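Open the model in your viewer and keep the sequence panel beside it. The stops below can be selected one after another.

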Amino acid sequence: MERFGFSGDTRQPVVLTIPGLNNSGPGHWQTLWEESRGDCERVDLGSWASPNRNAWVTRLDAAIREANGPVILAAHSLGCMAVAWWGALQSQAYGWPVTGALLVAPPDCDRMETPETIGGFGPTPRAQLPFPSIMVASRDDPYIFFERAHSIGKNWGSQFVDAGHAGHINAQSGLDDWQFGQSLLERLIDNAQEQASAMRQMRPALPMAQQDRNRPGRPTLHP
């Protein structure tokens with residue numbers, strides 16, 4: 001199968017949902033997306049109650065590789081940190097295979113009062129992510145100050161979205177299937193498809209140029 005964006009490749013991105021500490025329960029928007037949308041699959045990071053940074057990043061990497069195509073990440077809470085560490089530790093070409101990420105309510109793993117269960121994910125990576133991203137933060141999130149979330153998003157190169165007073169943007173926030181979040185996800189999907197379409201329009205001309213270079217009688221240039 002051809003790589004995403006090449007002529008003849010019509011694959012659609014798969015959305016990998018990445019929960020945070022203790023996984024996402026029945027009323028969480030990630031769970032509801034998986035139940036109602038046809039493009040969402042949960043990444044089983046394992047050890048939900050006692051997460052390990054390296055183990056989570058390894059499992060995330062395996063899920064991305066197994067997707068064998070374009071991937072969009074939809075992460076919540078500590079899952080955002082797993083995504084950030086994956087981006088910092090894995091060298092991918094910009095926008096492939098991860099074509100975008102929705103990062104919702106990342107916690108601050110650098111505060112002195114950070115619980116030990118998530119402290120191992122600090123210090124927070126400062127490198128820009130190798131794919132387009134949207135970060136969503138709440139003004140009354142108990143796990144991060146709003147200004148700190150904005151600073152992290154700037155370091156990661158994310159578009160920053162103010163969710164107002166929505167707590168930790170989880171099941172307790174009363175978001176149901178979070179239609180606003182889905183609109184942000186669709187924005188990332190549309191962007192990935194637009195980039196693929198632009199590549200498909202450019203690619204057909206390349207084989208002709210290659211054929212012309214290999215045509216008999218054409219002088220060969222040597223350094």
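Select Ala-105, which sits in the loop between β4 and α4. Helices (H or I, at least four residues) and strands (E, at least two) are DSSP runs, numbered from the N terminus. Phi of Ala-105 is near 55°, a positive value in a residue other than glycine. Most residues other than glycine have a negative phi, and most peptide bonds are trans. Is Ala-105 buried or exposed? Ala-105 counts as buried because its relative accessibility is 1%; buried means under 20% relative accessible area, exposed over 50%, and partly exposed in between (1.4 Å probe, protein chains only).

This is a predicted model, in which local features need pLDDT of at least 70 and side-chain atom pairs count only at pLDDT 80 or more, while totals for chains, interfaces and linings use all residues. Residues are numbered from 1 along each chain as its sequence is written, and side-chain values use heavy atoms, with hydrogens and water left out.

Next, select Ser-47, in the loop between β2 and α2 (53-67). Ser-47 is not a glycine, yet has a positive phi of about 45°. At 48% relative accessibility, Ser-47 counts as partly exposed.

Two prolines come next. Pro-97 lies in the loop between α3 (78-89) and β4, and the peptide bond from Trp-96 to Pro-97 is cis, with omega near 0°. Pro-123 lies in the loop between α4 (116-119) and β5; the bond from Gly-122 to Pro-123 is also cis, with omega near -5°.

Now show the strands. The open sheet has 6 strands in the order β2-β1-β3-β4-β5-β6, with parallel pairing; two strands pair if DSSP finds at least two bridges between them. β2 and β6 (159-162) stand at the edges with a single partner strand each, so one side of each has no neighbour in the sheet. From one strand to the next the twist averages 20°. Axes here are lines fitted to C-alpha atoms, for helices over the stretch in contact, and angles run from 0 to 180 degrees between N-to-C directions.

Select β1 (residues 14-18), where 5 of 5 residues are buried. In a regular strand the side chains alternate between the two faces of the sheet. Here Val-14, Leu-16 and Ile-18 point one way from β1, and Val-15 and Thr-17 the other way. To β3 (residues 71-76), β1 is joined in parallel by 5 bridges, and in β3 the bridge partner of Leu-16 is Leu-73. With β2 (residues 40-42), β1 pairs in the parallel sense over 3 bridges. The chain crosses from β1 through helix α1 (residues 29-36) to β2, a right-handed β-α-β crossover: with the strands pointing away from the viewer, the path from the first strand over the helix to the second runs clockwise.

Helix α5 (residues 146-156) lies across β4 (98-104), β5 (133-137) and β6, and runs at about 175° to β5.

Finish with the interior. A nonpolar core is a set of buried Ala, Val, Leu, Ile, Met, Phe, Trp, Tyr and Cys residues joined through side-chain atoms within 4.5 Å. Which members of the largest nonpolar core touch the most other members? Leu-60 and Leu-73 do, among 37 residues. Its largest share, 8 residues, comes from α3. Select Leu-73 and its contacts (heavy atoms within 4.5 Å): Leu-73 touches residues including Leu-16, Leu-60, Val-83 and Leu-102. Apart from this core lies another, of 19 residues, among them Val-15, Trp-33, Ile-72 and Val-136.

Notes
Lists of a residue's contacts leave out its neighbours within four places in sequence.
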